[in-house]
Amino acid sequence: MKVKRKIIEIDEDRCTGCGQCVIACAEGAIEIVDGKAKVISDNLCDGLGACIGDCPEDALTIVEREAEEFDEEAVMAHLDKKGTAIEQKPAPTRCPSAQVQMFDGAATPCQQANKPLASQRSEAHLAHWPIQINLIPPTAPFLKNADLLVAADCVPVAFPRLQTEFMPGRAVMIGCPKFDDTKSYREKFIEIFNVANIKSLTCVVMEVPCCSGLPTILADARKASGRDIPMEVVTVTARGEIKGRHSL
């Protein structure tokens, strides 16, 4: 039954799809759909607004309108279906590391090639933040029309040449297919490939077995998205040398 009550409203023009409100909503009422946060069902939203302070874009407000009554039983059933009990739900929090930033002055590959070698070794070439796969929204502006570099998170430590040989001119995402949720990785990249018009894809992994899943995840996501994106896989050793590279 519909009643007039308070409920969350999301301004899609302001929303960047960062997902912070999804984390903050203990009822699971908010999900990212087509790159935007949405209240998936009125009866799951209690209208208290715990999620509002976690939105970096001020896209969430409380309004009063006709809506289905809040239903705690529906919330429990919804959370159980998602495989997440209420007591296991992360405490509402905003992760500062998820704030999207773009840095001015990042060198293009051509500019990088013409810099003195000593300068190249001492400079960082990261053009944006965040870099963790789980923290980057598919709608992040630095992904639009990008040449994308996806690296296993051990690579930058074992292979310092990643900075000079692969990062200039590319958007960067790092993660670990052993410790993170590979299903969520696949879904994240499907959405990225669908909305960001990625121009090329370079995947750099270690030679260890646990890294082998990352190129497979990317290839599966590329296939599911139906996008014909050129992809190269580069494998490096624990001693920091390139062991091989091939197209996929």
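For these exercises, Ala, Val, Leu, Ile, Met, Phe, Trp, Tyr, Cys and Pro count as nonpolar, Asp, Glu, Lys and Arg as charged, and the others, Gly among them, as polar. The structure you are looking at is a predicted model.

**Exercise 1. The largest pocket**

Which element gives the largest share of the lining of the largest pocket?

*Solution.* First find the pocket, whose volume is about 900 Å³. It is lined by 23 residues, and those closest to its centre are Val22, Asn134, Ser184, Glu187 and Lys188. Then look at the elements: α1 (20-24), β2 (30-33) and α7 each give at least two residues to the lining. The largest share, six residues, belongs to α7. By class, the lining of the largest pocket holds ten nonpolar, five polar and eight charged residues.

**Exercise 2. Two packed helices**

How do helices α7 and α8 pack, and which residues meet?

*Solution.* Two packed helices are described by the angle between their axes and the distance between the axes. Helix α7 covers residues 182-195 and helix α8 residues 213-225; their angle is about 45° and their axes are 8 Å apart. That angle makes α7 oblique to α8, and the crossing of the pair is right-handed. On the α7 side, the residues in contact are Thr182, Tyr185, Arg186, Phe189, Ile190, Phe193 and Asn194. Their partners in α8 are Leu214, Ile217, Leu218, Asp220, Ala221, Arg222, Ala224 and Ser225. Sorted by class, this contact has nine nonpolar, three polar and three charged residues.

**Exercise 3. Backbone exceptions**

Where are Pro130 and Asp58 found, and what is the backbone like there?

*Solution.* Now take Pro130, in the loop between β6 (128-129) and β7 (147-152). The peptide bond joining Trp129 to Pro130 is cis, with omega about 5°. Then turn to Asp58, in the loop between β3 (36-39) and β4 (60-68). Asp58 is not a glycine, yet its phi is positive, about 55°.

How values were computed: Residues are numbered from 1 along each chain as its sequence is written. This is a predicted model: local features need pLDDT of at least 70, side-chain atom pairs count only at pLDDT 80 or more; totals for chains, interfaces and linings use all residues. Side-chain values use heavy atoms; hydrogens and water are left out. Axes are lines fitted to C-alpha atoms, for helices over the stretch in contact, and angles run from 0 to 180 degrees between N-to-C directions. Helices (H or I, at least four residues) and strands (E, at least two) are DSSP runs, numbered from the N terminus. Angles under 35 degrees count as roughly parallel, over 145 as roughly antiparallel, 65 to 115 as roughly perpendicular and the rest as oblique. A crossing is left-handed if the near helix is turned anticlockwise from the far one by less than a right angle, and right-handed if clockwise. Contact means heavy atoms within 4.5 Å. On a 1 Å grid over the protein atoms alone, a cavity is a set of points where a 1.4 Å probe fits but cannot get out, and a pocket is an open set with protein on both sides within 12 Å along at least five of seven lines; lining residues have an atom within 4 Å of a point. Grid points are joined across faces, edges and corners, and a volume is the space filled by probe spheres set on the points.
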